[in-house]
Amino acid sequence: MSSKKRVLTGITTTGTPHLGNYVGAIKPAIAASRDGSTESFYFLADYHALVKCEDPERVQRSTLEIAATWLALGLDTGRAVFYRQSDVPEIPELTWLLSCVTAKGLMNRAHAYKAAVDDNQLAGADPDYGITMGLFSYPVLMAADILMFNAERVPVGKDQVQHLEMARDIAQRFNHRYGEHFVLPEAVVDEHVATLPGTDGRKMSKSYDNTVSLWLPEKQLRKAIMKIKTNSQEPGEPKDPDGAAVYAVYAAFATPDQRRSMRQAFADGIAWGEVKQQLFEMINAELGAARERYLALMADTDKVEHELARGAERARAISRPFIERLRAAVGIRPLA
Ligand code: TRP
C-alpha cells in the first residue's frame, strides 16, 4: 500500500444537494482531495439509498444530480477516486463476508434501528413493523464500503460516528479470525465546519423541509434567501449577528475579512433586507460558474456515466484483488 493516507466517504443518493450539503460536506471534501498527502475515495452510496427510498426514479435522479454536483464543483477525478457503489460488486460480496462475523447484538444497538423500534413501541405497533433487513444491516454495508479500500480516515457527520465504531468492531473480529486484512478506520468529525441553518433557523436538513437547493436559478435563489427567518428589528437598530440565521449562513461563505465587516454592519444597524441581498450576491458569485457546468452535465449524462465508469475501474483495480485474498482467507478458494 502507498504511504498516502486514505480518506473515504459516501453520499447516499436519495436527495437533491442543498446549501447545507455544500458547506458541510462537498466543499470541504473537494478541498481535502487536493491535499497531496491523502488519497480520496468518494462514492455515491446508491445501495444505501434503497434502505430509505423505494422510488426508482428518485434514486436514479439523485445519483445523477449528486454526481453532476461534485463534478461541476471541480472535483478532480484524476486525483480522487469517484465512483458509484453499485459499480463495485466486490462491496456487496464483502458485505456478506462481514455479515458472517458480525454479532446480531451489535446491530441491535444501532441508533437508527433502535429509533425505529422505539417509534413502533410508542405507536403500539409490533416492534419490527416496517423494519427491513436493509435497515437492520445497514452498518455492515457501510463497514464493507470502508474496509474494501482500507480507508484510514472517514469524514462523517456526528450521526455516523456509531457506524464507524461498528466498522472497527467488525474489522477486528474478521482480523482476529482470519488474519490482519483490515485497517481499523477512524471517523473524522470536523467541528469547524459550520452546520448551516435552514430558512426556519433550525439546522438545514431535508427532514425539516427548510433547505435551499444548491442549484436554484438566480432569481429563485434570491427569493429563497429573502425568506430566511429574521426578527422584527428595524433598519438602524443595532442587531446581534450571533442569534441571526442569515449571519450564520453569511459566515459559512464569507472570508474572515468579510465576516468582520458584516459584524460591524450589524452593530451599525444594517437592514435585514440588505444583509440578505449581500448574502445572495456572495452565494451567487461563488456558485454561478459552477451552476453553468452543472446544467451542462445534467444534459450530458454520457459524460457523467463516463466519469463514474472510470472511477469504478480505478476502484475495482483495488477491490478485485483484495476480495480474492479475502475469499481465500475464509476458505472460498480453488480446490487444488
Ligand atoms: N451512511 C452515510 C450517511 O448516511 C453514507 C455512507 C454510506 C457512508 N457508506 C459510507 C459514509 C461509508 C462514510 C463511509 O451519511
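Asp 209 sits in the loop that runs between strand E5 (186-188) and H9. The model is a predicted one, in which local features require pLDDT of at least 70 and side-chain atom pairs count only at pLDDT 80 or more, while totals for chains, interfaces and linings use all residues. Residues are numbered from 1 along each chain as its sequence is written, and side-chain values use heavy atoms, with hydrogens and water left out. Helices (H or I, at least four residues) and strands (E, at least two) are DSSP runs numbered from the N terminus.

Asp 209 has a positive phi, near 55 degrees, in a residue other than glycine. With a relative accessible area of 70%, Asp 209 is exposed; here exposed means over 50%, buried under 20%, and partly exposed in between, with a 1.4 Å probe and protein chains only. Asn 150 also is not a glycine and has a positive phi, of about 45 degrees. Asn 150 belongs to the loop between H7 and strand E4 (153-155), and its relative accessible area of 8% makes it buried.

Another loop, the one between E1 and H1, holds His 18. This histidine counts as buried because its relative accessibility is 7%. Leaving aside neighbours within four places in sequence, His 18 is in contact (heavy atoms within 4.5 Å) with Met 204, Ser 205, Lys 206, Thr 211, Val 212, Ser 213 and Leu 214.

The account now turns to the ligand. The shell around it has 15 residues, of which Gly 10, Tyr 138, Met 142, Asp 145 and Gln 160 come nearest; a residue is near a molecule if one of its heavy atoms lies within 4 Å of it. At least two shell residues come from each of strand E1 (5-12), strand E2 (38-45), helix H2 (46-52) and helix H7 (133-147). By class, eight shell residues are nonpolar, five are polar and two are charged. In this classification Ala, Val, Leu, Ile, Met, Phe, Trp, Tyr, Cys and Pro are nonpolar, Asp, Glu, Lys and Arg are charged, and the others, Gly among them, are polar.

For Tyr 138, a polar side-chain atom lies 2.7 Å from a nitrogen atom of the ligand. For Gln 160, an N or O atom of the side chain is 3.0 Å from a ligand nitrogen atom. For Thr 12, the corresponding distance, to an oxygen atom of the ligand, is 3.5 Å. The ligand taken alone exposes 360 Å², and the protein buries 89% of that area; accessible areas come from the Shrake-Rupley method with a 1.4 Å probe, and for residues only the protein chains shown count as cover.

The side chains of His 163 and Gln 160 make a polar contact at 2.8 Å. A polar contact is a pair of N or O atoms within 3.5 Å; within protein, one must be able to donate a hydrogen and the other to accept it, and residues adjacent in sequence count only if both atoms are side-chain atoms. Not counting residues up to four places away in sequence, His 163 touches Tyr 138, Pro 139 and Met 142. His 163 counts as buried because its relative accessibility is 7%.

Gln 162 is also placed in helix H8 and, at 13% relative accessibility, counts as buried. Its side chain reaches the backbone oxygen of Arg 109 at 2.8 Å.

The last topic is the nonpolar interior. In soluble globular proteins, nonpolar side chains tend to be buried together. A nonpolar core is a set of buried Ala, Val, Leu, Ile, Met, Phe, Trp, Tyr and Cys residues joined through side-chain atoms within 4.5 Å. The largest such core has 57 residues, and those with the most contacts inside it are Leu 19, Trp 70, Leu 73, Phe 82, Phe 253 and Ile 283. Elements giving two or more residues to this core include helix H1 (19-32), helix H3 (56-72) and helix H13 (301-330). H12 gives the most, with 11 residues.
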